[in-house]
Amino acid sequence: MRFSLSQLRQMMRLARQNLSLDVQRQHAADASLHFQNYWPWLNRRSHAVTQKVLLGFIAADGELATQQVLEWVLAEPDWQLALPVLGSRPGEMHCGLWDGQVPLQPNRFGILEPDRHQPICALEQIQCVLMPLVAFDNRGNRLGMGGGYYDRLLAGVADLPSSQRPWLVGWAHSLQKVDYLIPQPWDISLDACITEQACHVFTD
């Protein structure tokens with residue numbers, strides 16, 4: 001049975017929202033271990049950059065929690081952490097640097113983000129993007145919430161040489177994995193996706 005994208009989004013959001021708090025905590029702990037095992041490779045991939053930046057996000061709406069991963073990045077001396085900051089125009093999103101100390105502010109969707117007075121990081125300065133998603137498949141195709149924020153932020157990234165583009169890593173519960181997604185012309189595939197079960201790598 002085929003579902004529309006809106007139906008699939010609704011199903012996946014409901015499925016992750018229905019996970020118990022204990023299951024959510026266990027999934028986050030297990031996924032964080034996979035991330036830590038993946039980290040040395042990711043770190044070596046960016047060895048030529050003195051100060052590296054990972055764009056993370058604050059989980060909401062039943063998404064796999066990111067707190068442990070963000071704390072890991074903040075503790076790494078050669079890395080900085082950035083978080084999405086919504087712009088004033090529809091679909092606009094920036095990357096705000098965050099040191100883990102300055103209080104975060106809720107945006108218009110109620111998701112915590114750095115204050116707009118915090119430094120903004122250009123996409124060219126980012127080595128890894130940890131991306132939320134609603135669903136993903138075996139080929140690294142990603143289904144987002146439909147707002148197009150990441151599509152606009154990452155526009156043109158696919159045309160860059162691999163050494164210059166940020167590594168795109170999905171972050172999700174394993175129940176969000178589906179057999180097949182039909183990508184849109186503007187979609188950019190994930191390089192990897194981490195769940196509580198494994199680190200799925202799609203790009204050599």
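The following legends describe an overall view and several close-up views of one predicted model.

**Figure 1. Overall view of the chain.** The model is predicted, and local features require pLDDT of at least 70, side-chain atom pairs count only at pLDDT 80 or more, and totals for chains, interfaces and linings use all residues. Residues are numbered from 1 along each chain as its sequence is written, and side-chain values use heavy atoms, with hydrogens and water left out. The chain contains 4 helices and 12 strands; these elements are DSSP runs numbered from the N terminus, with helices (H or I) of at least four residues and strands (E) of at least two. Its radius of gyration is 16 Å, close to the 17 Å given by the globule rule for 204 residues, so the chain is as compact as a globular protein of that length. The radius is taken over C-alpha atoms, and the rule is 2.2 Å times the number of residues to the power 0.38. Along the principal axes, the C-alpha atoms fill a box of roughly 50 × 35 × 35 Å.

Figure 2. Buried residues account for 45% of the 204 residues; buried means under 20% relative accessible area, exposed over 50%, and partly exposed in between (1.4 Å probe, protein chains only). The chain exposes about 10800 Å², of which carbon and sulfur atoms supply 53%. Among contacts (heavy atoms within 4.5 Å) between residues at least 6 apart in sequence, 69% join residues at least 24 apart.

**Figure 3. Close-up of the cysteines.** A search of the whole structure finds 0 disulfides, a disulfide being a pair of cysteine sulfur atoms within 2.5 Å. The sulfur of cysteine 121 has its closest cysteine sulfur in cysteine 95, at 6.1 Å, which is too far for a bond. Cysteine 121 is buried at a relative accessible area of 5%. For cysteine 193, the closest cysteine sulfur belongs to cysteine 199, at 8.4 Å, again too far for a bond. Cysteine 193 is also buried, with 0% relative accessibility.

Figure 4. Although aspartate 61 is not a glycine, it has a positive phi of about 60°. Its relative accessibility of 27% places aspartate 61 in the partly exposed class.

Figure 5. Leucine 74 is partly exposed, its relative accessible area being 33%. With neighbours within four places in sequence left aside, leucine 74 is in contact with Leu81, Trp98, Asp99 and Gly100. Aspartate 30 is 44 residues from leucine 74 in sequence, and their C-alpha atoms are 19 Å apart.

Figure 6. Glutamate 113 counts as buried, at 5% relative accessibility. Not counting residues up to four places away in sequence, glutamate 113 touches Pro84, Val85, Leu86, Leu104, Gln105 and Asn107. A separation of 23 Å lies between the C-alpha atoms of glutamate 113 and threonine 195, which are 82 residues apart along the chain.

Figure 7. The loop between strand S10 (167-171) and strand S11 (192-194) holds aspartate 187. Aspartate 187 is partly exposed, with 28% relative accessible area. Glutamine 10 lies 177 residues from aspartate 187 in sequence, with 20 Å between their C-alpha atoms.

Definitions and conventions:
Accessible areas come from the Shrake-Rupley method with a 1.4 Å probe; for residues, only the protein chains shown count as cover.
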